[in-house]
Amino acid sequence: MGLKILLVDDEQEFVETLSERLQMRDMDSHAVFDGKTALAQVQSHPPQVLIIDLKMPGMDGIQVLQQVKQTHPFIQVIVLTGHGSEQDRKTCMDLGAYAYFQKPVDIDQLHTAIRQSLEKTLTDPRDSMGFDRPVDKGFYQP
Amino acid sequence: MSPNNDPCPETDRLADMADVKFFGALAAAMTHDMKNVLAIINENAGLLGDLAVKSQKKATPIDPLKASTISEKIRKNVTRADHMMKRFNRFSHSMDHAEEFVDMEETVMLVASLSERIIRRHGATLTVIPPPVPCRIHARRFVVLHLIFRALDILCCNHADPASDTQKQMTVRFGSNLTRPEICFTRDPGFMIKRDALFDSPKDRALLAHVKMKVKMMDAGAGFCLCTARPEHG
């Protein structure tokens, strides 16, 4: 499996099916159904990309986004929501989301955004925890 | 939604503003729900397509059980969307008539289903205990829907943190007097409602005035009841 993706949405049937489709595209995706579990998962097994819904019972997506960006600033966050307010989109992008999609989403568009967000991560000199990446000096130095 | 001959234009204006806000809140919740159902249908249809591509590439047939499960999920969500649209249609048509006899249990059930997402998002559950006798009032149906929604909002959200982990239990029950309809709203044991949070704003008062109802605190602040200000017949 390739990229580590964590999906967070209280619509269990939706998020499990989306996760299965991402797995068919060689992504190591995993789904959880609330914000609190997502944050615990981010602490124990930080993903490379986090895909979150906004309106969920308990902790909502904006709170999750805020906390993840504080503790793991280089995890790329993609918002995928049924709630279509322009203000929400602006808030999410200001908080550091990589992309904002409305449901239903085209899987190819989402797949492309995930790949592009990873490219952004890889070109960043720091890792998902915000630490400097070790520079690969190669195996041969004449 | 106020009658043109109402002698209180300020009350009318406030009630109209609140009505528009109420319609917007329920329409937003409803369209959000619809988007979620469409998203489930979209992913399941997409999964069938993915399986077809995979099967073609590997020259192996699609697992018939898997295909049938996906198809069933799509069918189930089309039914779910249909029920949502029917409820929303009933809600939209609640503005069609002027005053009429409105069944309160039916109205509470409609508000409960339309605002299910809002209630769930605030960590609450709602139980409606059927009335011992028919409970009907003569009023504008849309305004009654609005009043019930507002009552649930006060009960659910005006006293607690929406992100709280505690599950809130709300109960609606009806009075037993046929000619003096009464609807009571209570929360989980130990919950105390504050009088100053009860329909105290000018918009709330305008809403109550339009359905000719008054609000009554229950003992020890356990909840509140909405009662008609005059006997109802019909």
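How many cavities of 30 Å³ or more does a search of the whole structure find? The search finds 1. Keep in mind on this tour that the model is predicted.

**Stop 1: the cavity**

Start in chain A. Select A:L7, A:V8, A:D9, A:F14, A:V15, A:L18, A:I51, A:I52, A:D53 and A:L80. These residues line the largest cavity. The space inside is about 40 Å³. Now color the lining by residue class.

**Stop 2: the elements around the cavity**

Switch to cartoon. Show strand 1 (4-8), helix 1 (12-23) and strand 3 (49-52) of chain A. Each of them gives at least two residues to the lining. Helix 1 of chain A has the largest share, with 3 residues.

**Stop 3: from A:L80 to the next strand**

Go back to A:L80, one of the lining residues. Opposite A:L80 stands A:F101, in strand 5 of chain A. Next, show strand 4 (residues 76-81) and strand 5 (residues 99-102) of chain A. The two run parallel and are joined by 4 bridges. Trace the chain between them: from strand 4 of chain A it passes through helix 4 (residues 86-94) to strand 5. This β-α-β crossover is right-handed.

**Stop 4: a serine in chain B**

Move to chain B and select B:S94. Look for B:S94 in the loop between helix 2 (64-92) and strand 1 (100-103) of chain B. Is B:S94 buried or exposed? B:S94 is buried, because its relative accessible area is 2%, and buried means under 20%. Finally, show its contacts. Leaving out residues up to four places away in sequence, B:S94 touches B:R141, B:F142 and B:L145.

Conventions: Residues are numbered from 1 along each chain as its sequence is written. Chains are lettered from A and ligands numbered from 1 in the order in which they are written. This is a predicted model: local features need pLDDT of at least 70, side-chain atom pairs count only at pLDDT 80 or more; totals for chains, interfaces and linings use all residues. Side-chain values use heavy atoms; hydrogens and water are left out. On a 1 Å grid over the protein atoms alone, a cavity is a set of points where a 1.4 Å probe fits but cannot get out, and a pocket is an open set with protein on both sides within 12 Å along at least five of seven lines; lining residues have an atom within 4 Å of a point. Grid points are joined across faces, edges and corners, and a volume is the space filled by probe spheres set on the points. Two strands pair if DSSP finds at least two bridges between them. A crossover is right-handed if, with the strands pointing away from the viewer, the path from the first strand over the helix to the second runs clockwise. Buried means under 20% relative accessible area, exposed over 50%, partly exposed in between (1.4 Å probe, protein chains only). Contact means heavy atoms within 4.5 Å.
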